[in-house]
Amino acid sequence: MTLAAGLAAAALTLAACSGAVDTGQDAEPTEDTGTATTDSGRPAACDEETPYLAVALPNLTNPYYVAMKQGFEDAAEANGFEVEVQIANDDDAAQLAQVQSMLQKEPCALALNAVKSEPAAAIVKAANDAGVPVFTVNVIVSEEALTDQGAEIMQYLGADNAAGGAQMAEQVLADLGADATFEIGFITEPDEVPVLMRDEGFEEAIAVNPNATVVAKVDGNVKPDDSLQATTELLSGNPGVTVLFASTGPATYGALQALQGNDNVKVYGFCASEEPLTGIYPACVAQEPADYGKRVVEQVRAWVDGATPEPVILRPLKMFLDGDTPAPGEVG
């Protein structure tokens, strides 16, 4: 199954599961955690004057999450929630422990941007056991891992990652020529489902040109320094590469650092924070993480007020070209 098909399947799974937390149990503590529920099956905290909303984010070293944190905090105030944002410093175990601690405080809902896709299933399972609905954002939790854990999420909201990858491939063909011959290297992250979807979108779109060949993929680990080193090694081992596809903002920044003084290679990808577009960096696409945080809070509010959440919400990406500079918060 392709990743795109996997997301479609996930959407169906989530649709089937979207009401799973709202089970209509009477108001009483659950067996596992003592979380109180209302007659509607929601956590009792949802009916408080200012419901407590738990938010788990991976780090604040990536400007993406700085913007998302602000989006959560601003929207929580506007929508009448008390919000707590925990930062895991890219540690899966730490994120699980942070969520377990917040679950002890009996939140109305958990908003989760996981560190990695597969370990996140254990976090979702912990929230399920506590009777707390999980709204995921940005990083998709592995469907297979969720099945293994017997865990379910309420909703996923994030970028249309495959479309973003395709946008970049189409721009490469527009810039270099629909039948131009060139070699491509990827700076990617094999452990994050959204990143793999971006890669797949790029590869499917670039495949219309049989003379464009992907010759290498390296792991930038969604970190600028790791991406710089990985890009340097990629170019050293593949001197024919003239196009780099960097599928995260930190990967793009690291790739650009690796190209200092090398005008023969162009970087396309997901935007680095506030990095001007230039001749060697002709195009990028950006997410809007502050908007995602805001929208997740609004989805939780709507659910508390009786709406049924859509299982999957995909947001379009914004394109930037040579001469543009993405604004703060418009990052890959």
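Trainee: In this predicted model, is Asp90 buried, partly exposed or exposed?

Mentor: Asp90 sits in the loop between strand 2 and helix 3, and its phi is positive, at about 60°, although it is not a glycine. Most residues other than glycine have a negative phi. Buried means under 20% relative accessible area and exposed means over 50%, so with a relative accessible area of 31% Asp90 is partly exposed.

Trainee: Where is Val222, which also is not a glycine and has a positive phi?

Mentor: The phi of Val222 is about 55°, and at 22% relative accessibility this residue counts as partly exposed. As for its place in the chain, Val222 lies in the loop between strand 7 (212-219) and helix 8 (224-237).

Trainee: Which residue forms a salt bridge with Lys105, and is that partner buried or exposed?

Mentor: The closest N and O atoms of the pair are 3.0 Å apart, and the partner of Lys105 is Glu84. The pair links distant parts of the chain, since Lys105 is in the loop between helix 3 (92-103) and strand 3 (109-112) while Glu84 is in strand 2 (residues 82-87), 21 residues apart. Lys105 is partly exposed, with a relative accessible area of 46%.

Trainee: By about how much of a helix are Asp129 and Lys125 separated?

Mentor: The side chains of Asp129 and Lys125 meet in a salt bridge, at 3.4 Å from N to O. Asp129 counts as partly exposed at 28% relative accessibility, and Lys125 counts as partly exposed at 25%. Because the two are four residues apart in helix 4 (residues 120-129), their separation is about one helical turn.

Trainee: Is Asp305, whose side chain meets that of Arg301 in a salt bridge, buried or exposed?

Mentor: The salt bridge between Asp305 and Arg301 has an N to O distance of 3.2 Å. The relative accessible area of Asp305 is 55%, and since exposed means over 50%, Asp305 is exposed.

Trainee: How many residues does the largest nonpolar core have?

Mentor: Of the 332 residues of the protein, 52% count as buried. Among the residues with the most contacts inside the largest nonpolar core is Leu110, which, leaving aside its neighbours within four places in sequence, is in contact with residues including Ala54, Val99, Ile123 and Phe135. A second, separate core includes Leu235, Ala246, Leu256 and Ala272 and has 22 residues, whereas the largest core has 79 residues.

Trainee: Over which residues does pLDDT stay under 50?

Mentor: The mean pLDDT of the protein is 89, and 88% of its residues reach 70 or more. Where pLDDT is low, the predicted coordinates should not be read in detail. That caution applies to a segment for which the model has 65 contacts beyond four places in sequence, namely residues 1-34.

Trainee: What share of the contacts with a separation of 6 or more is accounted for by residues 24 or more positions apart?

Mentor: The protein has ten helices and twelve strands. Among contacts with a separation of 6 or more, the share that joins residues 24 or more positions apart is 70%.

Terms used
Residues numbered from 1 in each chain as written. Predicted model: local features only at pLDDT ≥ 70, side-chain atom pairs only at ≥ 80, totals over all residues. Heavy atoms only, no water. Core = buried A, V, L, I, M, F, W, Y, C linked by side-chain atoms within 4.5 Å. Buried < 20%, exposed > 50% of the residue type's maximum accessible area, 1.4 Å probe, protein only. Contact = heavy atoms within 4.5 Å. pLDDT = per-residue confidence, 0-100. Salt bridge = Lys/Arg side-chain N within 4 Å of Asp/Glu carboxyl O.
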